[in-house]
Amino acid sequence: MAWEDSPSHVCRGGDKRALSFCCPPVKPCPVIYALEDAKLTAQEYVEIKEKFAEKTKLGQGEGTCFGSLVWCCKPSKPCPLRDMVLRRIDMSVEEYMDLKKELSEELVGKQVSDTKESIIALSKTFNVSEEEALKVLIECDNDIKKAAKLLKMRNLEL
């Protein structure tokens, strides 16, 4: 089962669970704030990801930006390097996302997704059913900011 409620990338407003899709903290970017939220130092973050890479197929990835799939982003973001490695090692997107979810749990622990809260907030804010809010949230790759913009645009069209 793939990670159905996976967050958007941290750099696109995703929550700290998305640290499993982030690069090493080598430049100033939103990963710094996600690490603070997760109460992890940059060193702890790197160590957790490297240990996870050693024990799973995410450790493979010669030819990717940082030499390991453990540092690669979500499949929704186009990346020919990551995709080439996935094909070479015969790893499905579902297996990749399952491993990324496990990695996320090692980084920040198991958490109840804030998806339900997001659905309720979108539903109330834009006067749509919770079903419609969920549909738009999924369509927007669980990015609440993007979902809000889309619903706002739809309201303007009415």
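**View 1. Glu106 reaches across to Lys55.** Glu106 sits at 38% relative accessibility, so it counts as partly exposed (buried is under 20% relative accessible area, exposed over 50% and partly exposed in between, with a 1.4 Å probe and protein chains only). Lys55, at 56%, counts as exposed. Their side chains meet in a salt bridge, 2.8 Å from N to O (a Lys or Arg side-chain nitrogen within 4 Å of an Asp or Glu carboxyl oxygen). The pair links distant parts of the chain, with Glu106 in helix α4 and Lys55 in helix α2, 51 residues apart; helices are DSSP runs of H or I, at least four residues, numbered from the N terminus. This is a predicted model, where local features need pLDDT of at least 70 and side-chain atom pairs count only at pLDDT 80 or more, while totals for chains, interfaces and linings use all residues. Numbering runs from 1 along each chain as its sequence is written, and side-chain values use heavy atoms, without hydrogens or water.

**View 2. Glu132 and Arg154 pair up.** Here's another 2.8 Å N-to-O salt bridge, between the side chains of Glu132 and Arg154. Glu132 lies in helix α6 (residues 130-139) and Arg154 in helix α7 (residues 144-157), so the pair ties together parts 22 residues apart in sequence. Glu132 is partly exposed at 24%, and so is Arg154 at 29%.

**View 3. Asp15 meets Arg17.** The closest N and O atoms of this salt bridge are 2.9 Å apart. Asp15 is partly exposed at 23%, whereas Arg17 is buried at 6%.

Key. Helices (H or I, at least four residues) and strands (E, at least two) are DSSP runs, numbered from the N terminus.
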